[in-house]
Amino acid sequence: MNAGETQRAPWIVGVSGASGTPYAAAVLRALLAAGESVDLVVSRAARLTLLDETGLPFRDAHWQDDLGEWLARGADGKPGTFAVDLAGVRYWRAGDLAAGPSSGSYRAKGMLIVPASSACVAGVALGLSKDLLQRAASVTLKERRPLVVAVRESPLTGQTLRHLLTLDDAGATVVPTSPAFYAGATHIQDLVDFVAGRALDTVGVRHRLYDRWKGELGGQRP
């Protein structure tokens, strides 16, 4: 292991099977644009959602090609919208419970689960660790590192609300995937980027995904 690898401290990004893969793509692009390292975990259910929402596969053996094509697409599905450098990404299979992020001694800044399904929320709240995504989230909590849960479910049942309260009590930050409209959105990508930006705000990662409120009514209108 070289010195650069021992100093590497990534953000872990978990993608669960909820609808909302454009949110995950926006967070990943912004982290890389900010010069951050990323450890990526994509659940089995998320692969099905990605295929359904974009028509793109996500394969372990070809993850770099598949991730590059996914992140290059805009929220409207148009290919080649973004240029992305994947040099800072390390990919871990969701079934690999011996992976780095499964241990508290593995260096990491924190974790973002984007989007987070109700099943994922329940698994993390209950400490099930049924796959690497849930295990990495449990490790993040026990090590007192930042955990962002961008829940994407509607309507929310009482059970899911109780699980979210459990995560909040454990120190996680719950970010509903609810875009605001005061930032002057004119495109679906603007709405997606607002949610991604708010998730990154909670962990202090700088970005330029949306125009911030300046205290002037109508100030962000195009």
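Reader: Which residues lie nearest the centre of the largest pocket?
Author: This is a predicted model. In it, R29, A30, L32, A33 and A34 lie nearest the centre of the largest pocket, out of 19 residues that line it.

Reader: And which elements give two or more residues to that lining?
Author: Those are α2 (21-33) and α8 (188-201). The most comes from α2, with 5 residues.

Reader: How many of the lining residues are nonpolar, polar or charged?
Author: The lining has 9 nonpolar residues, 4 polar ones and 6 charged ones.

Reader: How much space lies in there?
Author: About 290 Å³ for the largest pocket.

Reader: OK, switching to the backbone. Where are the cis peptide bonds you'd point out?
Author: One runs from V114 to P115, with omega near -10°. Another joins S154 and P155, where omega is about -5°.

Reader: Where do P115 and P155 sit?
Author: P115 is in strand β4 (residues 110-116), while P155 is in the loop between β5 (147-151) and α7 (158-169).

Reader: What about positive phi in a residue other than glycine?
Author: S129 has that, with phi near 50°, and S129 is in the loop between α5 (118-126) and α6 (132-142). R144 isn't a glycine either, and its phi is positive at about 60°.

Reader: Where's R144, and is it buried or exposed?
Author: R144 is in the loop between α6 and β5. It counts as exposed because its relative accessibility is 68%, and the cut-off for exposed is over 50%.

How values were computed: Residues numbered from 1 in each chain as written. Predicted model: local features only at pLDDT ≥ 70, side-chain atom pairs only at ≥ 80, totals over all residues. Heavy atoms only, no water. 1 Å grid on protein atoms, 1.4 Å probe; cavity = no way out; pocket = protein on both sides within 12 Å on 5 of 7 lines; lining within 4 Å. Points joined across faces, edges and corners; volume = space filled by probe spheres on them. Helix = DSSP H or I, 4+ residues; strand = E, 2+ residues; numbered from the N terminus. Nonpolar A, V, L, I, M, F, W, Y, C, P; charged D, E, K, R; others polar. Buried < 20%, exposed > 50% of the residue type's maximum accessible area, 1.4 Å probe, protein only.
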